[in-house]
Amino acid sequence: SLRPLQRTHNILLLGTDQRDLEYIGRTDTIMVLAVDQANHRAALVSFPRDVYLPIPGMGYNRINVAYPFGEEAKKGGGLPLLMSTIDKNFGIPIDSYVRIDFSGFQDVIDALGGVDVVVDCPLYDELIYRYFNTYTLEPGTYHMNGQQALYYARSRKTTSDFDRARRQQRVLLAIRKRVLDGGLVPRVPALWMALRDTVDTNMNPADIAELAKFGAGLDGKDLSGLVIRYPLVTDWVTPQGGMVQLPDLPAINNALDNIWNRAPLPQTNDEEKLCP
């Protein structure tokens, strides 16, 4: 019988560390948004970039090199290779994808007039001063422009990749809230068209409009979230000296199969906040 995430419409969300979508960068942010229209709910799963697993036809490596490997092997081969890596290891078939580079992400936030992000763990980082005029972002809600939100979502100076994945989920929640509070759902297709040069996707404006409408109808309690983190992964050093995370695939797959039994996303993030 089908597993829960084999019954959903799964959208791969990728953030690349490149300034230009033509150039092959590593995918530093890898998330899957699973949309369950029948049951009126959605889930967000974050894969840390250093998870070490079999990449079809390539042997073992970090998940974030599947995309550049596939692209180098054959132009246009990056997405299919990353999709099959996720499907083969985690049983999540991917239907659609959205790939955005970091300048595109900034443009999206600025086009929305900034977003209100809930900072739940203090974030200290000497570079943060440049963006926030303070060395430590204390917990609270901050109105962030594109540059600030991007820095908040990317900083890993003093924290882990898991914490970064959690912050990225927070920023996505803030974008969603801004679109809803601003009554911007009808404008999503127009915003989308304006930003299409910074976004690579196989979804058309009608798909995007439908997704925006579906998302607008969801409540916070209809959103589940999972960051793949300890104890689902263990630190390991490869024979070449690379720091990676070995996944406990049975445990991860069990967590994925139970995703609808998890507390809603804002809550799981609070429960697991494990501030560094």
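Helices are runs of at least four residues assigned by DSSP, numbered from the N terminus. The model in these views is predicted.

**View 1**
Tyrosine 129 is partly exposed because its relative accessibility is 37%.

**View 1. The largest pocket holds about 210 Å³ of space.**
Rolling a probe the size of a water molecule over the atoms shows where empty space is left. The residues lining the largest pocket are Asp116, Val117, Val118, Thr141, Arg170, Leu173, Ala174, Arg176, Lys177, Gly220 and Pro266. Strand S7 (115–119) and helix H6 (161–181) are the elements that give two or more residues to this lining. Helix H6 gives the most, with five residues. By kind, the lining of the largest pocket has five nonpolar, two polar and four charged residues.

Arginine 167 and aspartate 163 are both buried. Both are also part of a network of salt bridges that links Asp120, Asp163, Arg166, Arg167 and Arg170. Arg170, a member of this network, is also one of the residues lining the largest pocket.

**View 2. Arginine 41 and aspartate 36 meet in a salt bridge.**
The side chains of arginine 41 and aspartate 36 are 2.8 Å apart, N to O. Arginine 41 has a relative accessible area of 24%, so arginine 41 is partly exposed. Aspartate 36 has a relative accessible area of 7%, so aspartate 36 is buried. This pair is one of the salt bridges in the structure, which holds 13 of them.

**View 3. Lysine 221 and aspartate 222 form a salt bridge.**
The closest N and O atoms of lysine 221 and aspartate 222 are 3.7 Å apart, and the cut-off for a salt bridge is within 4 Å. Lysine 221 is exposed, with 59% relative accessibility, whereas aspartate 222 is buried, with a relative accessible area of 14%.

Conventions
Residues are numbered from 1 along each chain as its sequence is written. This is a predicted model: local features need pLDDT of at least 70, side-chain atom pairs count only at pLDDT 80 or more; totals for chains, interfaces and linings use all residues. Side-chain values use heavy atoms; hydrogens and water are left out. Buried means under 20% relative accessible area, exposed over 50%, partly exposed in between (1.4 Å probe, protein chains only). On a 1 Å grid over the protein atoms alone, a cavity is a set of points where a 1.4 Å probe fits but cannot get out, and a pocket is an open set with protein on both sides within 12 Å along at least five of seven lines; lining residues have an atom within 4 Å of a point. Grid points are joined across faces, edges and corners, and a volume is the space filled by probe spheres set on the points. Ala, Val, Leu, Ile, Met, Phe, Trp, Tyr, Cys and Pro count as nonpolar, Asp, Glu, Lys and Arg as charged, and the others, Gly among them, as polar.
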